[in-house]
Amino acid sequence: MKIAFFEIEDWETEYIRKKLQGYTIEIYKEHIGVDIAEQLKDVEIISVFIYSSLTEEILEKMPQLKLIVTRSTGYDHIDLAYCKKKGISVCNVPTYGANTVAEHTFALILSLSRNIIPSVERTRRGSFEVDGLRGFDLHGKTIGVIGVGHIGKEVIRIAQGFGMRVIAYTGHPNEELAKKLKISFHSLSELLSLSDVISLHVPLLKETRHMINKRNIGKCKKGSMLINTARGGLIETEAILYGLEKGIFSSVGLDVLEEECGVKEERELLSGKFIESCDLKTQLYNHVLLRRENVLITPHNAFNSNEALDTILKITSENIVNFMNKTPINIVKL
Ligand code: NAD
């Protein structure tokens, strides 16, 4: 059985070879193209990331292909209609780091609530004065979680560990879920008006674009904290600046900004290819919010933990092994 991996970086090779002992593994650093596919007439499984565009032209060169395993959540780089016609199965990684992003969310919240950055800057300068560094407790405060999916649920779990009251707004609220999670669902306006901390965990869609904006920013509780680790386009940037100017927000923590060159998959940010096509650093530096003291910005790094990246490889290996054992998992509906 021959398995070919594409878009693989050095640190991933060792893991793959260890996990898939007994199989013939071919590793390609580059994405798949017609020329490589032509040499893979006997390949039965391929694993790719999103830069491998699996078109009919490429797929038809591999007549023995039975399974495509993408190391991404999204699969719009694969011609699913062709796969269906030819009986090729497709697996993805539906989720890989819900707790990872939730933990980063709290890294931002705690850094802001306890003035960690200015505190550290001060001690590094040799001063141990505490003037102006007073923070506030999370215990007893209300966090408004927008989006109760994989990540939102982890944020709720952690928030409850801190003794926070959790309220939520999501696409499909239901009483059973509210009871199970010990939360209450509200309209977006209610959530904005009741929350001491607002945290976003919804996908960026046409309906969610600028869900926090200049028109509804006034509804937010005065002095609240705004946290976004989902997608920059969920919040109108001008509204954040307005909210800070007017004291509506006491602080803002962002792992994502608008104008991030349409990042689809977090792992893209680790790839040289992404960096080539998008000068993220310059865009970040140019961003006006960066200059504000009560704003903390991280470079879309919430996903970036050893464990989350290992999980992508672990799930990929499991997808392959389970398929071989005729107990397939994470199959994309064709
Ligand atoms: P998920 O699909 O599990 O959950 C999304 C939630 O949003 C669901 O509860 C859904 O009901 C809700 N939702 C969808 N459309 C909505 C709408 N129109 N109005 C209100 N609620 C709506 O997704 P997830 O795994 O929890 O991830 C959430 C987002 O986090 C992702 O879409 C991604 O953009 C972002 N993310 C960021 C990083 C990072 O590194 N910063 C990493 C992973 C994911």
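A polar side-chain atom of aspartate 255 lies 3.0 Å from a nitrogen atom of the ligand, which falls under the definition of a polar contact as a pair of N or O atoms within 3.5 Å. This is a predicted model, in which local features need pLDDT of at least 70 and side-chain atom pairs count only at pLDDT 80 or more, while totals for chains, interfaces and linings use all residues. Residues are numbered from 1 along each chain as its sequence is written, and side-chain values use heavy atoms, with hydrogens and water left out.

**Ligand contacts**

- A nitrogen atom of the ligand is 2.9 Å from a polar backbone atom of threonine 229, and an oxygen atom of the ligand is 3.2 Å from a polar backbone atom of valine 148.
- Taken alone the ligand exposes 870 Å², of which the protein buries 79%, with accessible areas taken from the Shrake-Rupley method with a 1.4 Å probe.
- The ligand is surrounded by 22 residues, the closest being His150, Ile151, Thr170, Gly171 and Thr229, where a residue counts as near if one of its heavy atoms lies within 4 Å.
- By class, this shell has 10 nonpolar, 9 polar and 3 charged residues; Asp, Glu, Lys and Arg count as charged, Ala, Val, Leu, Ile, Met, Phe, Trp, Tyr, Cys and Pro as nonpolar, and the others, Gly among them, as polar.

**Largest pocket**

- The ligand sits in the largest pocket, meaning that more than half of its atoms lie within 2 Å of the grid points.
- A pocket is an open set of points on a 1 Å grid over the protein atoms alone, with protein on both sides within 12 Å along at least five of seven lines, and its lining residues have an atom within 4 Å of a point.
- About 1300 Å³ of space lies in the largest pocket, and of the 50 residues that line it, the closest to its centre are Ile151, Val202, Pro203, Leu204 and Arg231.
- The helices α5 (98-113) and α7 (150-161) each supply at least two lining residues, and the largest share, 3 residues, comes from α7.

**Largest cavity**

- The structure holds 2 cavities of 30 Å³ or more, a cavity being a set of grid points where a 1.4 Å probe fits but cannot get out.
- About 50 Å³ of space lies in the largest cavity, and the closest to its centre of its 11 lining residues are Gly232, Ile240, Val256, Leu257 and Glu258.
- The lining of the largest cavity divides into 6 nonpolar, 4 polar and 1 charged residues.

Notes:
Polar contact = N/O pair within 3.5 Å; in protein donor to acceptor, adjacent residues only side chain to side chain. Points joined across faces, edges and corners; volume = space filled by probe spheres on them. Helix = DSSP H or I, 4+ residues; strand = E, 2+ residues; numbered from the N terminus.
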